[in-house]
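Subject: Structure handover

Hello,

Here is the structure you will be taking over. My notes on it come after the model.

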Amino acid sequence: MSSYSEFKKKSLDNPEIKAEYDALQPEYDIIQALIEARKEQKMTQKDLSVATGITQADISRIENGTRNPSLEMIKRLAAGMGMRLKLEFVPAKN
């Protein structure tokens with residue numbers, strides 16, 4: 001097991017850290033979905049930038065988690081990849 005994996009596992013044993021980590025899950029899900037969709041389309045960040053008019057720097061920031069995109073921006077990103085955005089609500093885990 002890597003030292004990061006060990007650190008993460010140990011850190012998530014703390015209920016306060018786990019709650020904060022879980023609260024960020026929707027943001028991580030959006031980032032992961034964007035990266036996976038872009039790669040499935042065999043697009044670079046630059047290609048997506050050209051297709052959407054969103055700067056490559058902004059796309060990078062979104063994928064790195066340092067920028068929170070608006071819903072409108074996420075829709076533009078989806079359209080730039082020839083996709084549509086589907087939002088889903090699922091039951092909360094207890």
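Predicted model: local features only at pLDDT ≥ 70, side-chain atom pairs only at ≥ 80, totals over all residues.

Residues are numbered from 1 along each chain as its sequence is written, and side-chain values use heavy atoms, with hydrogens and water left out.

Helix H5 spans residues 56-64; helices (H or I, at least four residues) are DSSP runs, numbered from the N terminus. Its buried residues are Asp 58, Ile 59, Ser 60, Ile 62 and Glu 63. Buried means under 20% relative accessible area, exposed over 50%, and partly exposed in between (1.4 Å probe, protein chains only). Helices H3 (25-40), H4 (45-52) and H6 (71-80) are among what covers these residues. Just after H5, Gly 65 has a positive phi of about 80°.

The whole structure has 5 salt bridges, each a side-chain nitrogen of Lys or Arg within 4 Å of a carboxyl oxygen of Asp or Glu. One of them joins Glu 63 and Arg 38 (2.7 Å, N to O). This pair links distant parts of the chain, with Glu 63 in H5 and Arg 38 in H3, 25 residues apart. Both Glu 63 and Arg 38 are buried.

Arg 67 also pairs with Asp 58 (3.1 Å, N to O). Arg 67 counts as partly exposed because its relative accessibility is 29%, while Asp 58, at 18%, counts as buried. A network of salt bridges links Asp 58, Arg 61 and Arg 67.

Regards

Methods
Helix = DSSP H or I, 4+ residues; strand = E, 2+ residues; numbered from the N terminus. Contact = heavy atoms within 4.5 Å.
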